[in-house]
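Subject: Structure handover

Hi,

Here is the structure we talked about. Please open it next to this note; my findings follow below.

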Amino acid sequence: MIEILQYEFMRNAIMAAVLSSLICGLIGTLIVLKRLVILAGGIAHAAYGGVGLAAFMGIPLRAGALFFSLFLSLIMGRITLQKKARADTAIGVIWAVGMATGVICIDLTPGYGVDLMSYLFGSILSVSKIDLSMMGTIAILGILMCFRYYRLILVYTYDEDFARTRGINVTLIHYLLIIFISVSVVLIIRVVGLILVIALLTIPPSIAEGYSRSLAGMICLSSVLSLLFSLCGLWVSYTYDLTSGASIIMVAAAGYLLSKLLHLPCQ
Amino acid sequence: MKMDIVMENVSFSYGNKTILEDVSLHIPEREFLAVIGPNGGGKTTLLKLILGLLKPDKGQISILGKVPEKAVHRLGYVPQDTSNYVQFPITVMDTVLMGCLGEKYSISPTMKHRLQAINSLEKVGILDLKNELTGSLSQGQRQRVFIARALTTDPEILLLDEPTSSVDLDTQKAFYDTLLELNSRMTIVIVSHDLFAVTSHATAVACVNRKICYHSEGEIKPEMLELAYGTCPVELIAHGIPHRVLGVHGEREKLSHD
């Protein structure tokens, strides 16, 4: 087991697992409690549109993904804030259009051969130092913000209307959260890919929810679970030579099933 | 008499759907106002306009002599209980401590805030539940948590949105007794689709169904029922109205069944 640590890609992968788990625990908890899961899904798929556009225009793929999902996420953020009755439908449309944009742009880009598969399914084994430093920055920023504004985040997540009656700028918090989700999702795509990112964002918090007594507790427990799943998945992937992203999600799903089974007798 | 809430010719619509039309309402200090009416009639909208959560399309609203946004920190708001509150991991104490938040706030609650929260929990009689999870409580208990949270803001007006829907009768009675006690210190506006439960305690009743019908005694007037349930031929025999108040069955049945 220890010998795999002598490979640099493995050390990077483990570091990526740690950082993405911190981000997932924080962002995942907020989107699950705030019911923004579909928005996160929309952002992830919109990112593919950005990848396609970037390939077509010949700019860095990561930057394309980031800006395109930021742009669409702000539109989706506006839709969710207004609580239009069909917000989820509108997000579903943006989700699909984002993805289709990507596919068509790739079609139109002649001789394009870069690893698009790594965007779909992730490649934690090939994360670069730049990926790691970006993840690290976002993780640290997220944790600091969460410490500083914990009570505001709590009341915003729990009861938006009440927060407004206390004179709290809910709109600002909402958009900041959306931007943060956007950046985080694009970074975590690196680990499990855009198709599977939703699972990594939602499974740990939905397990943690049943065992937590506070928002902070749920964030911490989600992060720990996320790390556990990521490392186990990585080990499974290494041992049986399977795709890392899918292995991580399968381990997480097994954990989810186990927690539901353990919870059954209590209910 | 000092007026706490003044609404003049207020209209509000969501898109093309008019929710409130030309509504005027004057609520004096220490009133216990019951807002009744059918679902979708605009009760919650009225409350949100008072709280400044929604802006009227037309008309003026003045709360404690100011525009709603400037007065909102002096109002206590008790929201409708929804399933979202049930799943959230939070203790009763932490829920009530949200009442200490304002434009200025400390990173963590101070000792003074904790005492304030304990005091509010005591007032609504659930101090012994302070370490429980809010989501694990019964609906009646959870409503008390939300009232305690609103009291922690030290409000001059307390606004409650459907606080007793699907709560049993005994709980309901205890709940209204608590409100009556609070009424000696603050104005209370309570929204309910439960016609008669509220009216035995209220000092005024307003029926909202796009238009408003206000009566300054805690009594339901036939015209309110007409406004609220005009197209539904219900026979009502209740206190205050010991006779058939609406059309006889059959007369308007066509209307209500199409």
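How many cavities of 30 Å³ or more are there? The count comes to 1. A cavity here is a set of points, on a 1 Å grid over the protein atoms alone, where a 1.4 Å probe fits but cannot get out. A volume is the space filled by probe spheres set on the points, with grid points joined across faces, edges and corners.

First, the ground rules. This is a predicted model, in which local features need pLDDT of at least 70, side-chain atom pairs count only at pLDDT 80 or more, and totals for chains, interfaces and linings use all residues. Residues are numbered from 1 along each chain as its sequence is written, chains are lettered from A and ligands numbered from 1 in the order in which they are written, and side-chain values use heavy atoms, with hydrogens and water left out.

The largest cavity holds about 30 Å³ of space. Its lining consists of Leu22(A), Ile23(A), Leu26(A), Ile138(A), Ala139(A), Gly142(A), Ile143(A) and Phe180(A). Two or more of these residues come from each of α1 and α6 of chain A. α6(A) gives the most, with 4 residues. By class, the lining has 7 nonpolar residues, 1 polar and no charged. Nonpolar means Ala, Val, Leu, Ile, Met, Phe, Trp, Tyr, Cys and Pro; charged means Asp, Glu, Lys and Arg; the others, Gly among them, are polar. Helices (H or I, at least four residues) and strands (E, at least two) are DSSP runs, numbered from the N terminus.

**The second largest pocket**

A pocket is an open set of points with protein on both sides within 12 Å along at least five of seven lines; lining residues, for pockets and cavities, have an atom within 4 Å of a point. The second largest pocket has a volume of about 480 Å³. It is lined by 20 residues. Met145(A), Ile153(A), Ile173(A), Leu176(A) and Leu177(A) lie nearest its centre. The elements giving two or more residues are α1 (8-33), α6 (129-148), α7 (150-158) and α9 (170-192) of chain A. Which helix gives the most to this lining? That is α9(A), with 7 residues. The lining divides into 18 nonpolar, 2 polar and no charged residues.

**Helices around it**

In α7(A), 8 of 9 residues are buried (under 20% relative accessible area; exposed is over 50%, partly exposed in between; 1.4 Å probe, protein chains only). Ile153(A) and Tyr156(A) are among them.

α6(A) packs against α9(A) at about 140 degrees, with the axes 10 Å apart. So α6(A) is oblique to α9(A). (Under 35 degrees is roughly parallel, over 145 roughly antiparallel, 65 to 115 roughly perpendicular, and the rest oblique.) Axes are lines fitted to C-alpha atoms, for helices over the stretch in contact, and angles run from 0 to 180 degrees between N-to-C directions.

**Chain B**

Most residues other than glycine have a negative phi. Asp154(B) has a positive phi, near 55 degrees. It sits in the loop between α6 (139-152) and β6 (157-161) of chain B. Asp154(B) is exposed, at 62% relative accessible area.

Arg210(B) also has a positive phi, about 70 degrees. Its loop runs between β8 (204-209) and β9 (211-215) of chain B. Arg210(B) is partly exposed, at 38%.

Best wishes
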